[in-house]
Amino acid sequence: MASQIVSTPDTLGGKPRIDGTRISVAMILEELAAGETPADIVETYPSLTLEDVKAAIAFAIAQVDAARVAAE
């Protein structure tokens, strides 16, 4: 996962994104929340793989877990 998710200040304003794309983790999560399946997302964005979508989900989970720990 770590190698697939990157964040650089000069691309998408530093938002976490899939390496080699301008597709943010947030955009993938928004698509999932709207009811799209990982396969639908890969079909819509052919530069993505199912592993990229899974990496975005895992990244989001890690961020939520980190926030929960920090709040305790």
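How many Å apart are the mean positions of the 5 positive and 11 negative charges of the chain? The answer is given with the second view.

This is a predicted model, in which local features need pLDDT of at least 70 and side-chain atom pairs count only at pLDDT 80 or more, while totals for chains, interfaces and linings use all residues. Residues are numbered from 1 along each chain as its sequence is written, and side-chain values use heavy atoms, with hydrogens and water left out.

**View 1. Fold of the chain.** Two strands and three helices make up the secondary structure, in the sequence order β-β-α-α-α. Helices (H or I, at least four residues) and strands (E, at least two) are DSSP runs, numbered from the N terminus. The C-alpha trace spans about 40 × 30 × 20 Å along its principal axes. The radius of gyration, taken over C-alpha atoms, is compared with a globule rule of 2.2 Å times the number of residues to the power 0.38. For 72 residues a compact globule would have a value near 11 Å, and the 12 Å of the chain agrees with this.

**View 2. Surface and charges.** The accessible surface of the chain is about 4,500 Å², with 59% belonging to carbon and sulfur atoms; areas come from the Shrake-Rupley method with a 1.4 Å probe. The mean positions of the 5 positive charges (Lys and Arg) and the 11 negative charges (Asp and Glu) are 6 Å apart. His and the chain ends are not counted, and each charge is placed at NZ of Lys, CZ of Arg, CG of Asp or CD of Glu.

**View 3. Nonpolar core.** The largest nonpolar core has 13 residues, of which Ile5, Ile18, Ile28 and Leu48 touch the most other members. Helices α1 (25–33), α2 (38–44) and α3 (50–71) each supply at least two residues of this core, and α3 gives the most, with four. Such a core is a set of buried Ala, Val, Leu, Ile, Met, Phe, Trp, Tyr and Cys residues joined through side-chain atoms within 4.5 Å. Beyond four places in sequence, Ile18 touches Gln4, Ile5, Ile23, Ile28, Leu48, Asp52 and Ala56; contact means heavy atoms within 4.5 Å.

View 4. Ser24 lies in the loop between β2 (17–18) and α1. Ser24 counts as buried because its relative accessibility is 9%, buried being under 20% relative accessible area (1.4 Å probe, protein chains only). Apart from neighbours within four places in sequence, Ser24 is in contact with Leu12, Pro16 and Arg17. The C-alpha atoms of Ser24 and Thr11 are separated by 9.9 Å, with the two residues 13 apart along the chain.

Terms used: Buried < 20%, exposed > 50% of the residue type's maximum accessible area, 1.4 Å probe, protein only.
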